[in-house]
Amino acid sequence: MEPLLGHLVAQADCLDAFIAALEAEDDALSQGRLQELPALTGRKNALLASVAELDQAREAAQVALGHPRGRAGADAAAARQGVQDAWTALLARAERARDLNRRVAAKVFTHLDHATQALAVLQADRQPLYGRDGARSVGGGGTSRPAG
């Protein structure tokens, strides 16, 4: 296997795992399983760090092959090594991950906005809606009556 191809395959595998983590996060958000988010976010962040490390290793390999850093160097290295298909597939995975990450982020911010609005309603005028006994508070004056 060409040295560059090995790097491309490793990056592709890592991006596939990252995409799977994003899809799991998207599903958890869509299904309201918010308790799963901390673990999913931790997994996603670890995979993102791995993607970055693998990208640096691939770029170092392309430099070692006599190509400059960056996209133009990567394109040239892939062409010279005959691994354009693997490079193109990797770029497609990266684009999918970027788009999916944006969609998930939009959902996270929507949930955050809803939670913030709900909290603002509950804390309006610093008047508790319910007393310590669980009954609805009337007028905030300490008098409570059963809800319903």
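Analyst: A definition comes first: helices are DSSP runs of H or I with at least four residues, numbered from the N terminus. The model is predicted.

User: How are helix 1 and helix 2 oriented relative to each other, roughly parallel or roughly antiparallel?

Analyst: Helix 1 covers residues 3–31 and helix 2 covers residues 37–64; their axes lie 9 Å apart and the packing angle is about 160°. Angles over 145 degrees count as roughly antiparallel. Therefore the arrangement of helix 1 to helix 2 is roughly antiparallel.

User: Which class of residue has 21 members in the contact of helix 1 with helix 2?

Analyst: The crossing of these two helices is left-handed. Their contact includes 5 charged and 4 polar residues. The class with 21 residues is nonpolar.

User: What is the volume of the largest cavity?

Analyst: The count of cavities of 30 Å³ or more comes to 1. For the largest cavity, the volume is about 30 Å³.

User: Which helix gives the most to the lining of the largest cavity?

Analyst: The lining consists of Leu4, Leu8, Arg58, Gln62, Ala74, Ala77, Ala78 and Trp87. At least two of the lining residues come from each of helix 1, helix 2 and helix 3 (71–81). With 3 residues, the top contributor is helix 3.

User: How many nonpolar residues are in the lining of the largest cavity?

Analyst: Arg58 and Gln62 are among the lining residues. By class, the lining has 1 charged and 1 polar residue. The nonpolar count is 6.

Methods
Residues are numbered from 1 along each chain as its sequence is written. This is a predicted model: local features need pLDDT of at least 70, side-chain atom pairs count only at pLDDT 80 or more; totals for chains, interfaces and linings use all residues. Side-chain values use heavy atoms; hydrogens and water are left out. Axes are lines fitted to C-alpha atoms, for helices over the stretch in contact, and angles run from 0 to 180 degrees between N-to-C directions. Angles under 35 degrees count as roughly parallel, over 145 as roughly antiparallel, 65 to 115 as roughly perpendicular and the rest as oblique. A crossing is left-handed if the near helix is turned anticlockwise from the far one by less than a right angle, and right-handed if clockwise. Ala, Val, Leu, Ile, Met, Phe, Trp, Tyr, Cys and Pro count as nonpolar, Asp, Glu, Lys and Arg as charged, and the others, Gly among them, as polar. On a 1 Å grid over the protein atoms alone, a cavity is a set of points where a 1.4 Å probe fits but cannot get out, and a pocket is an open set with protein on both sides within 12 Å along at least five of seven lines; lining residues have an atom within 4 Å of a point. Grid points are joined across faces, edges and corners, and a volume is the space filled by probe spheres set on the points.
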